[in-house]
Amino acid sequence: MKVLKITIFFFFGILTTFSQHKISGKIIDEQNQPLPFANIVLYKTGEEAKPNGTVSNDDGTYIFDKIASGNYKIEISMLGFTTQKIEDFDLNSDKTLNITLKEETQTLNEVVVKSKRPVIKQTAEKLIVDLEKSEMINTNLQDVMRKVPGVLVTNNGISIAGNSGVRILINGKTTEYMDVETLLRDFPADNIAKIEVVEQPGAEYEASGSGAIINIILKKNVKLGTHGSVNTWIGEDEGFEWGSGFSIASYKNKLNWQANAGYSKPTWREDLFLIRTVGDETYDQITREPYDPVNFNIGGSLDYYINDKHSIGIGARINTRNSDRIATSETIISDDNTTNTLFSENSFDRERKNFNINPYYEYKTDTDKLVIDFNYVDFSNDNTNILSDVAGSTISFTDRKYIQDGTYSIKTYRADYSKSFSDDLKVSVGTRFADVKTDNDLQSFSLNTNGNFDKDDDESSRFVIDETIFAFYSKINATSGKWSFSGGLRYEDSNTDGTSTFLDNGVLTSEVKKRPIKKVFPSASISRKFNDILGASLSYSYRIQRPSYSSLNSFATYLDPYSAGEGNPNLTPSYTNNYQFNLTYEGQPFFTIGYSKTDDVIFDLIRQDNETAQIRQQEVNVENNANWNFRLFAPVNFTQGLEGYTGIIVTNTDYQSSTYGVDLNKWNLIWFLQANYQLPWDINFELSANYGTGALEGQIEADWFADLDFSFGKKFIDDKLKVNLGFSKVLNRGFNGSIDYGNGTAAVESNGSRQNIQLRFVYSFGSKFGKKKASRNRNTDEEDRINDSN
């Protein structure tokens, strides 16, 4: 009997083996190109609830093995292509099914409903603005930033909760080499996947910086095939302005590449009016400074996916900015009996160039991720300016010439590893090493009686920085029910040597200032969902603000004969404790309380010398600084077609220093509105407005301010062409306030060009849908400290 059972099982096994078959084939597009990552689902007739599934390989091939005989149907689908089905075929032997997928037509757009407003989510650490699920009418980054609740975009740059010390990153990389206005104007909105506003940076971020971080995450591998866009714009500000650019990307099988280039010639103007008293005399200073820089950038990246876990890549970019301009100044000096005038011109010739290259390796699975990253930056900043007397002056002045050449070399090595043990537990560790070398040389000249410039060795010097920073961090993210927690520690060991070389009584002298720092920076956040609507979070971070490399130079830079900026080699870092509490409504920002306490804050101190009548601005360390902010947000959607946000921001800023006699405290309130409305003929109207009761801008107590911008946008040619007509600075009141020098006061007004108008065109081409891969953050904090104006 036992032998009989064995025999039956043996023959049954043979029959089963002979009744199992293989289905294989290749998935291609209409151009006969293989399609990787297509979804293939196999159903047995009568057993549709138990399908088999697989994904095509990099070469488009797929295989189902050990499939029993019977009747089957197969379905092949891929984003961007029409789903193909083969119904009810008989499988009694190995079968080959090669499938050609047709690219999906625009009819998909008719059933995909997108909001004009981006998806906004507030977490304990950051505010996330997801743009991929919104139907973008915007053409540039400035339009997008105005959609972020609580972020104010004004002529003075970007501010969050009254703090203008905002760092902008693109995929984790600094934008220091572009001025904020150029970046906002020229960066195309179509390339942006999401924006993260990080007010409480975790341990994975560099500890440097006292303000918020805005990280712009670009789209990557979002479309199969080749696609791109061309943009151009013209406008009127302080004269005619224009710019143009393009971007193109291609994904085929394992290879992904991107390239972009841009050129722009914007114009604007900044005027400064200053009335101050020096003894019995009144100094009425007027400076008008036009700007018309020429910006050029070119960049690209190449990513190669070795397999579904390993990838390598490299990115590079070149930015140049040339600025030739003449600032004109008029100083009227008067007392009860006399009036004298000094006319002067300050001609600027500035050239900024930088080259950046960034290779990387990435390993990624469902639970593990490792990124090894190297970033190299070579930056040069060459400046020449001549401060000269102008005919008509009743006060004599000796013309001066200054040549300041600077070079910066930054090498950064980084490795980050994270492991997800479950959906509720993730651990991250990483390390980073930066090597920075800067060399700044100032040559000062005076005009002689022969009309030539002689070098003034006593006022010339050279300043060299050699800095290394080593960092290590660990972080944990955990969730339990309605509670979420993240906490991390970051250790940084930095050594900064600054060497000044100058002539002292005819003797060449070198002074070295060393600044070693070893410190641990903790960060933590905890949040809880009360229900599906309300949630709350509490977060803390400890930060360091290192001086910019340029501010450590002792060089003096003159705006006019009576006004100058001066570096401070004795600057030390400041340390900030940040606390923040958030209430969220349906995951979106609703109410926020923030408090920060900074020791030795870096402060722009303005002082007046009553003997020389000169005023100088210099960064110094003020002992105590505290800031409170209260924010209340509300959506604007009370009528159909209207979307946006409004809110109020109340802040209190306090500076106290016995060393410099600083005692400043001021409350202010800001109301803002960010909204868009769908007009007839599918025209999108967007408006951004704000009003403030006044604020502290460092030492300056500013009066009320207001701003209004709006634009009209429409799509043409099957949504491939976007046209946007924008009006900005409509109600730009400018900057009005007062300065208390300690030995006198001054009324100050900073104003610029008004009523800027720009017409923009963006034409997109190529495939419309495709697969998506996660983007990768690259970190280059030291670049942010090359703090130099245009």
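A nonpolar surface patch brings together Phe530, Ile533, Leu534, Tyr585, Phe590, Leu632, Ile648, Leu669, Trp671, Tyr691 and Trp704, with about 950 Å² of accessible area between them. Areas come from the Shrake-Rupley method with a 1.4 Å probe, and for residues only the protein chains shown count as cover. All this is read from a predicted model, in which local features need pLDDT of at least 70, side-chain atom pairs count only at pLDDT 80 or more, and totals for chains, interfaces and linings use all residues. Residues are numbered from 1 along each chain as its sequence is written, and side-chain values use heavy atoms, leaving out hydrogens and water.

Turning to the strands (DSSP runs of E, at least two residues, numbered from the N terminus), β39 (residues 662-679) pairs antiparallel with β40 (residues 683-692) over 10 bridges; pairing takes at least two DSSP bridges. Phe672 faces Asn690 of β40. Three residues separate the strands of this hairpin, and Trp681 has a positive phi near 60°. On to β43 (residues 705-716): β40 runs antiparallel to it, with nine bridges, and Leu687 has Phe710 of β43 as its bridge partner.

As for confidence, pLDDT (the predictor's per-residue confidence, from 0 to 100) averages 81, with 85% of the residues scoring at least 70.

Notes. Helices (H or I, at least four residues) and strands (E, at least two) are DSSP runs, numbered from the N terminus. Patches are made of residues with over 30% relative accessible area and no salt bridge: like charges are joined within 9 Å, nonpolar side chains (Val, Leu, Ile, Met, Phe, Trp, Tyr) within 5 Å. A salt bridge is a side-chain nitrogen of Lys or Arg within 4 Å of a carboxyl oxygen of Asp or Glu.
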